[in-house]
Amino acid sequence: MNPNQEAGQATAGQNKRPPPPFPLTIVTGFLGAGKTSLLNRLLRDPALADTLVIINEFGEIGLDHLLVEKAVGDMLVMTSGCLCCSIRGDLITTLEDALRRRDNGRITPFQRVVIETTGLADPAPVLHTIMYHPYLMLRFRLDGVVTLVDAVNGMATLDAHEEAVKQAAVADRLVLAKTDLLDEAASLRLNDLRTRLASLNPGARLLDAAKGEATANSLLDAGLYDPTRKSPNVQGWLNAEAFPKDAAKSAHHHDRHHHEPHDVNRHDARIRAFCLRHDAPIPPAAFDLFLELLRNAHGPNLLRVKGIAALADDPSRPVVIHGVQHVFHPPARLAAWPDGDHGSRIVFILRDMEPAFVEGLWNAFVGLPAPDRPDGEALVASPLAPAKGGLLA
Ligand SMILES: Nc1nc2c(ncn2[C@@H]2O[C@H](COP(=O)(O)OP(=O)(O)OP(=O)(O)O)[C@@H](O)[C@H]2O)c(=O)[nH]1
């Protein structure tokens, strides 16, 4: 054991606080969309000087950077046995190994991790890996999902490949690549692609790489915890204002933008993005049960769920939730509201699920009365309700 390491351990032992988790960014996008090109450009930015890049595939790596790891191989099904909620065994091994070597001083002490997924990959298992693994979720925090969309082939790719639609739908940032290759006619059609992406995922900022918009500054620190800010960046992370407010109406959301002759593509038609809101504090048991019901009965359909909620037991300290399919990060209590808006807001990106159904469930649990529906108290007090084991337990 070297002296530095001992000193490091002594310090860690004295103040017992675990080191802050490293921000982790996932870069995804369909085959050839421009992921590696973007990374190559980004890695020249001093903001990414201490970044470990993990490439989630074999193949030629064009990164002129030393900190590159390759993760290849297996997927693990979680103990819940649910097929949609797999985690990546190879990624766990790679991340654990990187942490071990960093902690032992055997590699450059990275401060940030970027994972580039394969073009065909579903990003959910990568997200699950750092949301679910008991050790990795302490050492990493999700900083954001960046999805590349090829401006030349983007429309056709979204039409043909459901995976590409899903990659766009779960993003925190969408980056258009190759707009510099468009001729005049194609440039005019670019607005259709922009509109389509905004409809699939209203909360994600859309950046044009060729215009120099996809900078480290605009892509990093997209998560809840931006180290340069004192309080969590809830506004930036949730972007609730960008979502259609009326859940039931958002069922027709796509139709507003896609007039004849293009019908909404069948893949897009499966995705629904909307935001639910409630201004009075919510009983914790009702909130818990709402999420449990969604998770248990509709986990695979929850592509992404983010929210902030005022719970009646301590309305001054809001709870932040974040889920991808069945997998929810343990809810975090914030010390205070980040700004003047103290209402509960949850944004949903769902697949094959009607917003009106989720809204009805929400209204029942938060206590908004409606005919033919039991009120929230009756639902929570029901002998059929799970006694404990919810997210807030
Ligand atoms: N003109 C132009 N070409 C680009 C742009 N982005 C990527 N390319 C080119 O598109 C091709 C594919 O880009 P990559 O960065 O390798 O794409 P990728 O998503 O990493 O590809 P895979 O790893 O194979 O899925 C390469 O030939 C790039 O040079 C861009 O903004 N403008």
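**Questions on a predicted model**

Me: For T118, how many other C-beta atoms lie within 10 Å, and is T118 buried, partly exposed or exposed?
Reply: This is a predicted model. T118 has 16 other C-beta atoms within 10 Å. A buried residue needs 20 or more, and an exposed one has 12 or fewer. The count for T118 falls in between, so T118 is partly exposed.

Me: Where does T118 lie?
Reply: Strand β6 covers 112-116, and helix α4 covers 124-132. T118 sits in the loop between β6 and α4.

Me: How many Å apart in space are T118 and F30, C-alpha to C-alpha?
Reply: In sequence, T118 and F30 are 88 residues apart. In space, their C-alpha to C-alpha distance is 7.8 Å.

Me: Why is β6 largely enclosed by the rest of the structure?
Reply: β6 has five residues. Being buried takes 20 or more other C-beta atoms within 10 Å. The strand is largely enclosed because the buried residues of β6 number four of the five.

Me: Which residue of β6 is the bridge partner of T25?
Reply: Strand β1, residues 22-29, pairs with β6 in the parallel sense over four bridges. Strand β2, residues 51-55, also pairs with β6 in the parallel sense, over five bridges. V53 has V114 as its bridge partner in β6. For T25, the bridge partner in β6 is V114.

Me: Which element has the highest mean pLDDT?
Reply: The protein as a whole has a mean pLDDT of 81, and 75% of its residues reach 70 or more. Helix α1, residues 3-15, has the lowest mean among the elements, at 43. The highest mean, 97, belongs to strand β8.

Me: Over residues 58-67, how many contacts beyond four places in sequence does the model have?
Reply: Where pLDDT is low, the predicted coordinates should not be read in detail. Over residues 1-13, pLDDT stays under 50, and the model has five contacts beyond four places in sequence. Over residues 58-67, pLDDT also stays under 50. There the model's contacts beyond four places in sequence number 20.

Definitions and conventions:
Residues numbered from 1 in each chain as written. Predicted model: local features only at pLDDT ≥ 70, side-chain atom pairs only at ≥ 80, totals over all residues. Helix = DSSP H or I, 4+ residues; strand = E, 2+ residues; numbered from the N terminus. Pairing = 2+ DSSP bridges. pLDDT = per-residue confidence, 0-100. Contact = placed C-beta atoms within 7 Å.
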